[in-house]
Each structure stands twice: as structure tokens, then as C-alpha cells.
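Work through these exercises with the model open beside you. Try each task before you read its solution.

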Amino acid sequence: MSAQTADTAFSSNPAFACAAAESRQFDFWIGEWEVSADGKHAGRSRIQSILGGCAILENWSGASGNEGKSLNTWNAAATRWEQYWVDGSGTPLHLIGGIVDGRMVLSGRQSVPDPQTGRIRIDRITWTPNADGSVRQLWESSDDDGGSWTTSFDGLYRKAADDSPSHT
């Protein structure tokens, strides 16, 4: 399919108009954030609404110098949220899910087994909007097909001092 044909096909289909209420469910995460874990500075994240509200782009800068990006979108055809994450190690992560009890919950299986255990890891990330405007991100992992979970990251996102509507 040519770029012009693809452009016409998507723009003429109302399912891709990003107007559904579901496509706004993750907007609570949009902003410029200072992130802490265990009471210590963990990094900074800039979360932007892009493509006319059809996607959310995460730009992560960790305190230790690591960086990562995610692209998040409401997949109207599949009726679910999807996230594609990649960081400086080059390991991609594809998560799917949606709103559960007011929280965004996305999960996915790694594409290759852990070299040490030989098991496929499942990752589950939950974003919880808090009453004070902060957001908790809890990243859990399981190497026994979801039988038990360990915390990989438990971070608190607080609006950065320089956050303003022009940043979102």
C-alpha cells in the first residue's frame, strides 16, 4: 500500500478519527514529570499528546542516564490500549490492556526467554492517577506465567515545576 493510499484509507475511516472517549483515557499521564522511586529522584518524563490526540508519546530520561520512549494509542479496531516501549538497550516491549477500576493496566510477554532462567517474562504496568495530580506507575514482572509478581519499578510522577499547557 502506498503512503497516499494508506493516508486516504485511514483518514476516511471514522474508526481512526481518535474521537472516541476511550482515546482520552490515558490523558491523565500527559505532562512534564519529575519521577521518584523509594523517595529518590529516578528521572524525568515528558508525556505528550501527538498526532491530533491519536497517540501519546513518552520521553523518559533516567537519573542514571538511561533513556527510553513509548508510543501509546487506543486501538479502536481491537478495543484496547497498546504501548510500544524501547530503551537504550534496544529491547522492545509491547503491552496491551486498558482501564481497570480507574487505572490504566497494560501487560505483555517478552519476545525471548530470559537468558538466565530460560523463561518468558510477563510485564504488567499500572498507572494510577492520584487525587493530588500525581501518578503512580507500578511495573511488575512474572516469570511463572502470572503465578507470582515482583516489583520492577514503583515510581511516583509529580508535575515538574516548569510544566505548563504549552508543554503538553
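**Exercise 1. Describe how Glu32 and Arg46 meet, and place each one in the fold.**

Step 1. Find the contact. The side chains of Glu32 and Arg46 form a salt bridge, with N and O 3.5 Å apart. The term stands for a side-chain nitrogen of Lys or Arg within 4 Å of a carboxyl oxygen of Asp or Glu.

Step 2. Glu32 sits in strand β1 (residues 31-37) and Arg46 in strand β2 (residues 40-50), so the pair links parts that are 14 residues apart in sequence. Strands here are DSSP runs of E, at least two residues long, numbered from the N terminus.

Step 3. Glu32 is buried, at 8% relative accessible area. Arg46 is partly exposed, at 30%. Buried means under 20% relative accessible area, exposed means over 50%, and partly exposed lies in between (1.4 Å probe, protein chains only).

Before going on, note the ground rules. This is a predicted model, in which local features need pLDDT of at least 70 and side-chain atom pairs count only at pLDDT 80 or more, while totals for chains, interfaces and linings use all residues. Residues are numbered from 1 along each chain as its sequence is written, and side-chain values use heavy atoms, leaving out hydrogens and water.

**Exercise 2. Find the partner of Arg44, then name the network that the pair belongs to.**

Step 1. Arg44 forms a salt bridge with Glu34, and their closest N and O atoms are 2.1 Å apart.

Step 2. Arg44 is in strand β2 and Glu34 in strand β1, so this pair ties together parts ten residues apart in sequence.

Step 3. Arg44 is partly exposed, with a relative accessible area of 25%. Glu34 is partly exposed too, at 29%.

Step 4. Salt bridges with shared partners join Glu32, Glu34, Arg44 and Arg46 into one network.

Step 5. The whole structure has eleven salt bridges. One of them pairs Arg24 with Asp27, at 3.0 Å between the closest N and O atoms. Arg24 is partly exposed at 34%, and Asp27 is partly exposed at 26%.

**Exercise 3. Which residues have the most contacts inside the largest nonpolar core?**

Step 1. The core has 23 residues, and Phe26, Trp29 and Trp127 have the most contacts inside it. Such a core is a set of buried Ala, Val, Leu, Ile, Met, Phe, Trp, Tyr and Cys residues joined through side-chain atoms within 4.5 Å.

Step 2. Strand β1 gives the most to this core, with three residues.

Step 3. Follow Trp29. Beyond its neighbours within four places in sequence, its contacts include Ile47, Ile56, Trp127, Val135 and Tyr157. Contact means heavy atoms within 4.5 Å.

Step 4. Turn to Val135. Val135 lies in strand β9 and is buried, at 1% relative accessibility. The C-alpha atoms of Val135 and Trp29 are 7.1 Å apart, although 106 residues separate them along the chain. Outside four places in sequence, Val135 also touches Phe28, Trp33 and Leu156, among others.

**Exercise 4. What lines the largest pocket?**

Step 1. The volume of the largest pocket is about 430 Å³. A pocket is an open set of points on a 1 Å grid over the protein atoms alone, where a 1.4 Å probe fits, with protein on both sides within 12 Å along at least five of seven lines; lining residues have an atom within 4 Å of a point. The volume is the space filled by probe spheres set on the points, which are joined across faces, edges and corners.

Step 2. Of the 23 lining residues, Trp60, Asn66, Trp85, Asp87 and Trp139 are the closest to the centre.

Step 3. At least two lining residues come from each of β3 (55-62), β5 (80-87), β8 (122-129), β9 (135-142) and β10 (150-159).

Step 4. The lining has ten nonpolar, nine polar and four charged residues. Ala, Val, Leu, Ile, Met, Phe, Trp, Tyr, Cys and Pro count as nonpolar, Asp, Glu, Lys and Arg as charged, and the others, Gly among them, as polar.

**Exercise 5. Where does Asp38 lie, and is Asp38 buried or exposed?**

Step 1. Asp38 is in the loop between β1 and β2.

Step 2. Asp38 is exposed, at 76% relative accessibility.

Step 3. Check the backbone. The phi of Asp38 is positive, near 55°. Most residues other than glycine have a negative phi.

How values were computed:
Helices (H or I, at least four residues) and strands (E, at least two) are DSSP runs, numbered from the N terminus.
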